[in-house]
Amino acid sequence: MMPTHVDTQPLPDPLDVPLTDAELTALALAADPDAAPDVDAVPLHIHLAQFAGAALPQWYMAPATASSGRRWRTPVVLTIVAAFLLIEALGLCNTFGQLTWA
């Protein structure tokens with residue numbers, strides 16, 4: 001016997017259905033913090049590397065760099081910090097780029 005009505009709408013992919021904050025909280029509280037990672041688990045940076053422009057180290061944490069020959073940065077940064085300290089010491093306010101009395 002053939003069904004008389006066939007639903008042509010596909011079921012939504014579970015990853016396409018957004019979770020509410022309450023559902024995420026319940027999942028987090030139900031998780032075992034001492035459980036070992038799954039043997040099939042993929043590190044996040046490897047997973048994100050397959051998507052263009054989404055590599056975690058590029059936007060989340062800058063890569064470590066050795067000291068380079070650009071020695072102009074230190075005097076510039078120290079001058080800016082000294083200027084702001086002088087402004088504070090004189091009792092002035094530099095909010096929004098306008099120098100006013102505090």
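Student: Where do I start? How many helices and strands are in the chain?

Tutor: Start with the elements. The chain holds four helices and two strands. Read from the N terminus, their order is α-α-α-α-β-β.

Student: What is the mean pLDDT of the chain?

Tutor: The mean is 77, and 65% of the residues reach 70 or more. Where pLDDT is low, the predicted coordinates should not be read in detail.

Student: In which helix is confidence lowest, and in which is it highest?

Tutor: Helix H3, residues 56-59, is lowest, with a mean of 53. H4 is highest, at 91. Let us look at H4.

Student: How many residues does H4 have, and how far does it reach?

Tutor: Helix H4 covers residues 73-89, which is 17 residues. From first C-alpha to last, H4 reaches 24 Å. That is close to the 24 Å expected at 1.5 Å a residue.

Student: Which residue with a positive phi follows H4?

Tutor: Gly91 does, with phi near 80°.

Student: Now burial. Is Ile87 buried or exposed?

Tutor: Compare the relative accessible area with the cut-off. Buried means under 20%. Ile87 sits in helix H4. Ile87 is buried because its relative accessible area is 17%.

Student: Which residues does Ile87 touch, beyond those up to four places away in sequence?

Tutor: Ile87 touches Leu92, Cys93, Asn94 and Leu99. Now take Thr100. Thr100 and Ile87 are 13 residues apart in sequence, and their C-alpha atoms are 9.7 Å apart in space.

Student: Is Ile80 buried or partly exposed?

Tutor: Ile80 is also found in helix H4. Ile80 counts as partly exposed because its relative accessible area is 44%.

Student: Which residues form a nonpolar patch on the surface?

Tutor: Trp72, Val76, Ile80 and Phe84 form the patch. Together they have about 420 Å² of accessible area.

Student: And the whole chain? What share of its residues is buried?

Tutor: Buried residues make up 4% of the 102 in the chain. The chain exposes about 10000 Å². Carbon and sulfur atoms supply 66% of that area.

Definitions and conventions:
Residues numbered from 1 in each chain as written. Predicted model: local features only at pLDDT ≥ 70, side-chain atom pairs only at ≥ 80, totals over all residues. Heavy atoms only, no water. Expected span 1.5 Å × (residues − 1). Buried < 20%, exposed > 50% of the residue type's maximum accessible area, 1.4 Å probe, protein only. Contact = heavy atoms within 4.5 Å. Areas by Shrake-Rupley, 256 points an atom, 1.4 Å probe, with all protein chains shown as cover. Patch = residues over 30% accessible without salt bridge, like charges linked within 9 Å, V, L, I, M, F, W, Y side chains within 5 Å. Salt bridge = Lys/Arg side-chain N within 4 Å of Asp/Glu carboxyl O. pLDDT = per-residue confidence, 0-100.
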